[in-house]
Structure formats: C-alpha cells, structure tokens
Amino acid sequence: MDNKISIVIPPADLTAIQDAVKVLQEKLGPLLIALTSEQRREKTKMGEASKPFVEKIMEYAGSNPQFLPAFASLEEMEKDKKAYGELNPIFNNLNQITSNLSDTLLELGSDLMGPSNVYYTSVKLGVKMDVPNAKPIYNDLKVRYARKSKSKPEEEEDL
C-alpha cells in the first residue's frame, strides 16, 4: 500500500483558511442565488464564445437604443455585465481550489480506505481463527459492507 499524500496543516493556517471561508460566505453569500436543476436547464447559457457577442450587443444598444426591447434595461444589462466580469475570475480561482480540494480529499480517503480494508480483512480472519476480541470488532465493522435488502416499501406490501 502506498500512502500517496501526507498533509499536516498548522493550526494557525487552518484557522486562517476557515476565517477566509467565513469572509467569502459573509460577503458573497448574500449576493449569490441557488437554482434548481430544472431552472439551470431552462437558462440561456453564456459561454466563452458568447462573451464577444454580448460585448457587441452592449455597444450597439448604447449607440442604437431603438432596437432594445421595452422589457430590457441597458442600465441593468450594464450592471449584470460588470458583476459578471467581477465574479467570473473569483469563480475560476475558487473552482480550481475546489477541484484540487476534491482531488486531495479523494486521495486522502483512498489512503485511509486501503489499510482500513486490510484491517477489516484481518479481523474477519481473526473471527475465523477464533482470536479473542475479533468477533465484537467484526460485528461493529461489518455494517459498512452489509447489503441492504430491496424489499418493497410498507405501503406497497399491504396492497
């Protein structure tokens, strides 16, 4: 077994990181929204290829406002464009951090599960060999790999 990652976070650094996350939550949280999966699917997406298009629209709408629909506000579009430009680099930086954090947690979990599974196998062997204390340990740990029955919910069984 190869322990691929070994991290020790100094307490002062951990506190600073947690404080920075709190600042992000306090400052960004009230500005952000959450959409349902359905709402996300329904939205018109603006990817990288659409940015120059939107940029040109903003220029044209400023110099030729007669084509701007009555329901659209150039002032609101400008605010949205400014906020998009401010938040997008923050998103990109946080996205990289969360991606690396996810990979790090995956590797740490893998580093933990490998020896944990070997220990569990050793305990199972201990039960087979009637080693003292093996059985209560096995009974406590075996729930991790217990199969759940696929019985019908109670309402369906009564029908």
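Me: What makes Leu24, Leu31, Leu32, Leu87, Ile90, Leu94 and Ile97 a nonpolar patch on the surface?

Reply: A patch is made of residues with over 30% relative accessible area and no salt bridge, and nonpolar side chains (Val, Leu, Ile, Met, Phe, Trp, Tyr) are joined within 5 Å, like charges within 9 Å. Leu24, Leu31, Leu32, Leu87, Ile90, Leu94 and Ile97 form such a patch, with about 590 Å² of accessible area together. Accessible areas come from the Shrake-Rupley method with a 1.4 Å probe, and for residues only the protein chains shown count as cover. This is a predicted model, in which local features need pLDDT of at least 70 and side-chain atom pairs count only at pLDDT 80 or more, while totals for chains, interfaces and linings use all residues. Residues are numbered from 1 along each chain as its sequence is written, and side-chain values use heavy atoms, leaving out hydrogens and water.

Me: Which helix gives the most to the nonpolar patch?

Reply: Helix α4 (residues 74–128) does, with 4 residues; isoleucine 97 lies in this helix. Helices (H or I, at least four residues) are DSSP runs, numbered from the N terminus.

Me: Why is α3 called roughly antiparallel to α4?

Reply: The axes of helix α3 (residues 51–63) and α4 come within 11 Å and cross at roughly 150°. Axes are lines fitted to C-alpha atoms, for helices over the stretch in contact, and angles run from 0 to 180 degrees between N-to-C directions. Angles over 145 degrees count as roughly antiparallel, under 35 as roughly parallel, 65 to 115 as roughly perpendicular and the rest as oblique; therefore α3 is roughly antiparallel to α4.

Me: What makes α4 oblique to α5?

Reply: The axes of α4 and helix α5 (residues 134–141) come within 8 Å and cross at roughly 130°, so α4 is oblique to α5. The contact (heavy atoms within 4.5 Å) includes Tyr119 and Val123 of α4 and Ile137 and Tyr138 of α5.

Me: How do you know that glutamate 38 forms a salt bridge with arginine 41?

Reply: A salt bridge is a side-chain nitrogen of Lys or Arg within 4 Å of a carboxyl oxygen of Asp or Glu. The closest N and O atoms of glutamate 38 and arginine 41 are 2.7 Å apart, and the two form a salt bridge. Both lie in helix α2 (residues 37–42), 3 residues apart.

Definitions and conventions: Helices (H or I, at least four residues) and strands (E, at least two) are DSSP runs, numbered from the N terminus.
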